[in-house]
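Please read the following report beside the sequence and the model. It begins with the nonpolar core and then turns to the helices, the ligand shell and some individual residues.

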Amino acid sequence: MKLNKTILLTSSIVLLSALSTSASADGAALYSAKTCWSCHGKDAKTPLLPLYPKLAGQNRDYALNQMKDIKSGARNNGMAAAMQGVMGLVNEAEMGEIADWLSSLK
Ligand code: HEC
């Protein structure tokens, strides 16, 4: 547990220092690496199914909160269960990076 915290802290620091230089690039890379695009579309606004939400241009904190709630199960409306399986792939810092990037899109 202590080790986990240390690792988390270290990666947060690494992420934070990366943030200052290329936050959007990291968010885009994570969005791609964590398979988000397979449902939400490569441009984040061409979802696989009409029922799936467009994410491009979404408010950062709103998007982050939805990711956290879908991951924890607090949000389980509609098609949220479809997304829950992949949320094990992202931690909170990574969700923040992705939310930064999504909110920067037009
Ligand atoms: C298997 C398909 C699938 C994958 C993969 C997926 N999502 Fe989703 N996502 C959904 C669906 C479906 C919803 C809408 C749930 C509902 O109906 O309420 C959603 C909702 C969201 C929302 C909330 C949108 C809103 O307007 O409330 C965000 C943000 C989001 N996804 C981000 C991501 C990110 C980031 C990833 C990658 C880590 C990801 N999703 C991977 C299917 C997916």
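## The nonpolar core

The largest nonpolar core has 15 residues, and Ala63, Met95, Ile98, Ala99 and Leu102 are those that touch the most other members. A nonpolar core is here a set of buried Ala, Val, Leu, Ile, Met, Phe, Trp, Tyr and Cys residues joined through C-beta atoms within 7 Å, and a residue counts as buried if 20 or more other C-beta atoms lie within 10 Å of its own, as exposed if 12 or fewer do, and as partly exposed in between, with C-beta atoms placed from the backbone. Two or more residues of this core come from each of helix H1 (2-33), H3 and helix H5 (92-104), and H5 gives the largest share, 5 residues. In soluble globular proteins, nonpolar side chains tend to be buried together.

Ile98, one of the core residues named above, touches Gly27, Leu30, Tyr31 and Cys36 when residues up to four places away in sequence are not counted; contact means that the C-beta atoms of two residues, placed from the backbone, lie within 7 Å.

## Model and overall fold

This is a predicted model, in which local features need pLDDT of at least 70 and side-chain atom pairs count only at pLDDT 80 or more, while totals for chains, interfaces and linings use all residues. Residues are numbered from 1 along each chain as its sequence is written.

The chain has 5 helices and 0 strands, in the order α-α-α-α-α from the N terminus; helices (H or I, at least four residues) and strands (E, at least two) are DSSP runs, numbered from the N terminus. Of its 106 residues, 20% count as buried, and of the contacts between residues at least 6 apart in sequence, 66% join residues at least 24 apart.

What sets the buried side of H3 apart from its exposed side? The buried residues of H3 are Ala63, Leu64, Gln66, Met67, Ile70 and Lys71; seen down the helix axis, they fall within an arc of 160°, so they line one face of the helix, the arc being that of the directions from the helix axis to the C-beta atoms. The face turned away from this buried side carries the exposed residues Asp61, Tyr62 and Ser72, whereas the cover over the buried residues includes H4 and H5. The end C-alpha atoms of H3 are 18 Å apart, which agrees with the 18 Å that its 13 residues should span at 1.5 Å a residue, where the expected span is 1.5 Å times one less than the number of residues.

## The shell around the ligand

The ligand is surrounded by 22 residues, of which Cys36, Cys39, Gly78, Met79 and Met83 are the closest; a residue is taken as near the ligand if its C-beta atom, placed from the backbone, lies within 6 Å of it. Helix H2 (37-40), helix H3 (60-72) and helix H4 (80-84) each supply at least two residues of this shell.

By residue type, the shell divides into 14 nonpolar, 7 polar and 1 charged, where Ala, Val, Leu, Ile, Met, Phe, Trp, Tyr, Cys and Pro count as nonpolar, Asp, Glu, Lys and Arg as charged, and the others, Gly among them, as polar.

## Individual residues

Gln66, found in helix H3, counts as buried because it has 20 C-beta neighbours inside 10 Å; its C-alpha lies 9.8 Å from that of Ala80, 14 residues apart in sequence. His40, in helix H2, is buried because it has 21 such neighbours inside 10 Å, and, leaving aside neighbours within four places in sequence, His40 is in contact with Pro47, Tyr52 and Leu55.

Most residues other than glycine have a negative phi. Thr35, though not a glycine, has a positive phi of about 70°; Thr35 is found in the loop between H1 and H2 and counts as partly exposed because it has 13 C-beta neighbours inside 10 Å. Ala44, likewise not a glycine, has a positive phi of about 65° and lies in the loop between H2 and H3, where Ala44 counts as buried because it has 22 C-beta neighbours inside 10 Å.
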